[in-house]
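Take a walk through this structure with me.

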Amino acid sequence: MNRRQFNKNLISLGFAGLAQSILPSTSFASGVASRVQGYGALLSDPNGLLDLPQGFSYKVLSRLGDTMSDGHKVPDDADGMGVIALEGDRIALVRNHEVMPKGATDTTSPIKSDLAYSLLPNGHAMGGGTTTLIVNQKTNEVERQFWSVAGTIRNCAGGVTPWGSWLTCEEIVIGKKEGLEKDHGFVFEVPADSDGLVKAEPLVAMGRFNHEAACVDPNTGIVYMTEDRKDSLFYRFIPKVQGELNKGGQLQALVVKDQPKFDTRNWHSPSFAVNQTLSTEWVDLDNPESPDDDLRVRGHDLGAAVFARGEGLWWGDDELYFTCTSGGAKKLGQVMRYVPKSGQLSLFLESPDKQTFNFGDNLTVAPNGHLIVCEDQYGSIVDNKLKGITPKGLTYNLAGVRVQTEPAGACFSPDGETLYVNLYSPTVTLAITGPWASVSEAEVS
């Protein structure tokens with residue numbers, strides 16, 4: 001199976017249940033319990049890392065400070081990640097590192113290369129970027145790992161493409177005005193079959209903003225993107241040439257038909273109910289380089305809808321889902337569903353309490369059609385979970401993080417047997433296996 005077949009088949013398999021399901025008719029804002037048994041209770045991990053249900057286990061693939069194949073150490077702040085099929089049983093896990101510069105003399109990044117996008121005055125690359133792990137999906141043995149993009153800042157999430165690459169996105173808008181060598185806030189493409197560091201080239205036409213995640217419609221090549229801001233927009237990029245993003249295109253923002261500047265956040269006067277469907281259209285955005293960081297402001301002035309911190313984004317069976325981390329009347333998170341062919345936007349989930357769903361961030365899909373979402377909340381006590389969401393919008397605990405950090409970058413192997421996930425800091429990349437077919441959708445109070 002080649003990469004294109006893998007992506008198409010996994011997408012179709014994963015979202016078949018969601019595409020054919022009937023969404024719940026009761027709003028989550030009602031406070032009614034909305035959880036199911038899932039895989040059962042989480043068992044305490046004797047290693048104090050990740051609690052899992054009975055029958056599940058994990059393997060550590062990579063840790064902060066491990067020596068990689070290129071001689072460098074595994075960097076910290078592991079965030080979004082994508083899996084792409086290679087030849088045979090080999091896969092590429094392309095892993096983001098959401099590292100910020102610590103000053104002009106920072107040496108966090110060991111890279112000194114013309115292939116890096118932006119350098120500090122001391123010659124070191126900016127600390128963010130991507131590392132790639134080449135893994136045998138049958139044994140989950142790491143064959144090698146290495147830096148693949150360097151010189152970027154705060155690489156948060158991104159998305160895989162149907163043509164075998166990873167789009168890594170900078171979640172920050174700083175640059176020359178702040179004394180840096182270059183402007184930041186762009187998307188960069190990382191080929192999965194690289195053997196080392198590649199030239200980091202910004203895809204400027206895709207916009208300069210607080211990028212979070214991206215996904216590609218395999219039918220059209222259109223790229224959808226989220227923005228992590230409390231007043232964010234939902235974007236799409238129509239390339240001039242399908243599959244060749246570096247040749248430019250048109251950036252647009254989503255607008256709700258006949259309801260300009262629609263507020264999906266439900267913060268003050270809830271106006272978007274669970275299972276409600278809205279018809280949408282798109283408005284062109286000019287000057288995507290946005291030197292004044294005003295894309296979302298200009299888009300909203302043109303009527304674009306506003307979202308509460310758009311984050312995780314995944315393409316399904318002719319539809320896509322994305323999280324709004326602080327959306328909802330309780331500000332605990334929402335999940336949106338968008339169908340490109342019909343232009344319909346709906347609110348798939350809105351959390352009524354922290355036990356149901358708390359600050360969803362990165363998301364992916366399980367082969368059984370359930371969404372898998374990484375929680376991302378920080379407080380005096382950090383209790384982040386990997387949450388499962390059924391086709392009816394009911395949630396369950398899949399895993400519990402025992403260390404004071406967040407899970408991130410969840411993605412499944414091509415054969416559907418392994419869930420790969422990062423623990424953000426200190427960096428740990430895990431391979432989770434278990435009885436995926438045994439999930440129970442029986443409701444609990």
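Contact here means heavy atoms within 4.5 Å. Keep that cut-off in mind for the residues below. The model is a predicted one.

Start with Glu-98. This residue sits in the loop that runs between strand E6 (90-97) and strand E7 (128-136). Its relative accessibility is 10%, so Glu-98 counts as buried, a term that means under 20%. What does Glu-98 touch, leaving out residues up to four places away in sequence? The list is Asp-77, Asp-79, Arg-154, Asn-155, Cys-156, Glu-171 and Tyr-424. With Tyr-424 there is also a polar contact between the side chains, at 2.8 Å.

Now move to Glu-189. Glu-189 belongs to strand E11. With 24% relative accessibility, Glu-189 counts as partly exposed. Its side chain makes a polar contact of 2.6 Å with the side chain of Trp-163. Another polar contact, also given as 2.6 Å, links the side chains of Glu-189 and Ser-165. Setting aside neighbours within four places in sequence, the residues in contact with Glu-189 include Thr-161, Trp-166, Leu-167, Leu-203 and Leu-245. Cys-169 is 20 residues from Glu-189 in sequence, and their C-alpha atoms are 8.9 Å apart.

Next come the salt bridges. The model has 21 salt bridges. One of them pairs the side chains of Arg-208 and Asp-183, with 3.9 Å from N to O. Arg-208 is in the loop between strand E11 (187-191) and strand E12 (211-216), while Asp-183 is in the loop between strand E10 (165-170) and E11, so this pair ties together parts that lie 25 residues apart in sequence. Are the two partners buried or partly exposed? Arg-208 has 4% relative accessibility and counts as buried. Asp-183 has 26% and counts as partly exposed.

A second salt bridge joins the side chains of Arg-309 and Asp-228, at 2.7 Å from N to O. Arg-309 lies in the loop between helix H2 (295-301) and strand E17 (310-315). Asp-228 lies in the loop between strand E13 (223-227) and strand E14 (235-239), so the pair ties together parts 81 residues apart in sequence. Arg-309, at 22%, counts as partly exposed.

Asp-383 and Lys-385 form a further salt bridge through their side chains, at 2.9 Å from N to O. Asp-383 counts as partly exposed, with 42% relative accessibility. Lys-385 counts as buried, at 14%. Elsewhere, salt bridges that share partners link Arg-229, Asp-231, Asp-293 and Arg-296 into one network.

Lys-385 takes us to another pocket. The largest pocket has a volume of about 350 Å³. Its lining has 19 residues, and the closest to the centre are Lys-354, Gln-355, Lys-385, Lys-387 and Asn-397. Which strands supply at least two residues each to this lining? They include strand E1 (35-38), strand E23 (385-389) and strand E24 (395-401). By type, the lining of the largest pocket divides into 5 nonpolar, 8 polar and 6 charged residues.

Finish with the backbone. Ser-425 and Pro-426 are joined by a cis peptide bond, with omega at about -5°. Pro-426 lies in the loop between strand E26 (418-423) and strand E27 (428-433). Asn-266 is not a glycine, yet its phi is positive, at about 60°. The loop between strand E15 (249-256) and strand E16 (277-285) holds Asn-266. At 3% relative accessibility, Asn-266 counts as buried. Phe-359, another residue other than glycine, has a positive phi near 60°. Its place is the loop between strand E20 (344-350) and strand E21 (360-365).

Notes: Residues are numbered from 1 along each chain as its sequence is written. This is a predicted model: local features need pLDDT of at least 70, side-chain atom pairs count only at pLDDT 80 or more; totals for chains, interfaces and linings use all residues. Side-chain values use heavy atoms; hydrogens and water are left out. A salt bridge is a side-chain nitrogen of Lys or Arg within 4 Å of a carboxyl oxygen of Asp or Glu. Helices (H or I, at least four residues) and strands (E, at least two) are DSSP runs, numbered from the N terminus. Buried means under 20% relative accessible area, exposed over 50%, partly exposed in between (1.4 Å probe, protein chains only). A polar contact is a pair of N or O atoms within 3.5 Å; within protein, one must be able to donate a hydrogen and the other to accept it, and residues adjacent in sequence count only if both atoms are side-chain atoms. On a 1 Å grid over the protein atoms alone, a cavity is a set of points where a 1.4 Å probe fits but cannot get out, and a pocket is an open set with protein on both sides within 12 Å along at least five of seven lines; lining residues have an atom within 4 Å of a point. Grid points are joined across faces, edges and corners, and a volume is the space filled by probe spheres set on the points. Ala, Val, Leu, Ile, Met, Phe, Trp, Tyr, Cys and Pro count as nonpolar, Asp, Glu, Lys and Arg as charged, and the others, Gly among them, as polar.
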